[in-house]
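Thank you all for making time this morning. I would like to walk through one protein model, going from the whole chain down to single residues, so please keep the picture in view while I talk.

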Amino acid sequence: MIAIVDYGVGNLYSVEKAFARFSSDVVLTHEAEIIDKADKVVLPGVGAFGDCMKNFKASGLVDAVLRAVKSGKPVMGICVGLQIMFEGSDESPGVAGLGIFKGRVRKINAPELKIPHMGWNSLTVKENASVNIDLFKNIRENPYVYFVHSYYAVPEDKSVITAKTVYGEEITAAVGKDNVIATQFHPEKSGDIGLSIIKNFVEG
């Protein structure tokens, strides 16, 4: 079973629909018990870092997701779901993230470009032997994926970065270590490439 964590942030139908293409057992849930029973967990997120963390804490699901991380089962973050895996964000000073990855979320520094960064950008994928599931397996070089964001994660340990893009500056596009992987871009909105990434998570 794949549990998609519903903590009241955003429309999760497109995420659920994309994962359901590759598994007949996908559940959109706001119940800790289901997250505990799941084989894999997906943590989406849209909007501001502080609002996401506020809703996430109010949902009572934080401990269930952290248990999933500690248990070794695959956990995938998407967009702000990646950002809240870090310790904090300049978008919401004083609001603590989950601290799964050490580092902070910074605003994109691209004064000559429109912020938020919204649209298709190519990825430079890095090999990372420490990740249990390779999201980019059998995906062509420099694939294009869809972004909507104004902030990006800056990990303390650069080895956790699994993909980068460039938008005025070099930006972390995906991270991973052991059983936890996350994308700043939206695979569910990234066409065939995005579906391949989701398929790799489901089948990995």
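Of the contacts in the protein with a separation of 6 or more, 72% are between residues 24 or more positions apart, where contact means heavy atoms within 4.5 Å. What you see is a predicted model, in which local features need pLDDT of at least 70 and side-chain atom pairs count only at pLDDT 80 or more, while totals for chains, interfaces and linings use all residues. Residues are numbered from 1 along each chain as its sequence is written, and side-chain values use heavy atoms, with hydrogens and water left out.

Let me stay with the whole chain for a moment. A compact globule of 204 residues would have a radius of gyration near 17 Å, and the protein, at 15 Å, agrees with that; the radius is taken over C-alpha atoms, and the globule rule is 2.2 Å times the number of residues to the power 0.38. Along the principal axes, the C-alpha atoms fill a box of roughly 45 × 40 × 30 Å. Of the 204 residues, 53% count as buried, and here buried means under 20% relative accessible area, exposed means over 50%, and partly exposed lies in between, with a 1.4 Å probe and protein chains only. The secondary structure comes to six helices and 13 strands, which are DSSP runs numbered from the N terminus, of at least four residues for helices (H or I) and at least two for strands (E).

Now to the sheets, where two strands pair if DSSP finds at least two bridges between them. An open sheet of eight strands with mixed pairing runs in the order E2-E1-E3-E4-E13-E12-E11-E8, and its edge strands, each pairing on one side only, are E2 (26-29) and E8. Within this sheet, E1 and E3 pair in the parallel sense over three bridges, with Ile 4 opposite Val 42 in E3.

Further along the sheet, E11 (residues 161-166) pairs with E12 in the antiparallel sense over five bridges. These two strands form a hairpin with three residues between them, and Gly 168 in the turn has a positive phi of about 80°. E12 (residues 170-177) is mostly covered, with six of its eight residues buried. Four bridges then join E12 to E13 (residues 180-183), again antiparallel, and this hairpin has two residues between its strands, with Asp 178 in the turn at a positive phi of about 55°.

Which residues does Asn 128 touch, leaving aside those up to four places away in sequence? They are Ser 159, Val 160, Ile 161, Thr 162 and Gly 176. Asn 128 is found in the loop between E8 (124-125) and E9 (144-149), and it is buried because its relative accessible area is 17%. Its C-alpha atom is separated by 9.7 Å from that of Asp 178, 50 residues apart along the chain.

There is also an open sheet of three strands, in the order E5-E6-E10, with mixed pairing. Two bridges join E5 to E6 (residues 103-107) in parallel, and the partner of Gly 88 in E6 is Arg 104. In the loop between E5 and E6 we find Ser 92, which touches Phe 49 and Gly 50, not counting residues up to four places away in sequence.

Those two residues bring us to helix H3 (residues 49-59), where Phe 49, Gly 50, Cys 52, Met 53 and Phe 56 are buried. They lie on the same side of H3 because they cover an arc of only 160° around the axis, the arc being that of the directions from the helix axis to the C-beta atoms. On the other side of H3, Lys 54 and Ala 58 are exposed. The cover over the buried residues of H3 includes E1 (2-5), E3 (40-43), H4 (62-71), H5 (80-83) and E5 (88-89).

Finally, the largest nonpolar core has 63 residues, and those with the most contacts inside it are Phe 19, Phe 56 and Ile 84. Such a core is a set of buried Ala, Val, Leu, Ile, Met, Phe, Trp, Tyr and Cys residues joined through side-chain atoms within 4.5 Å.
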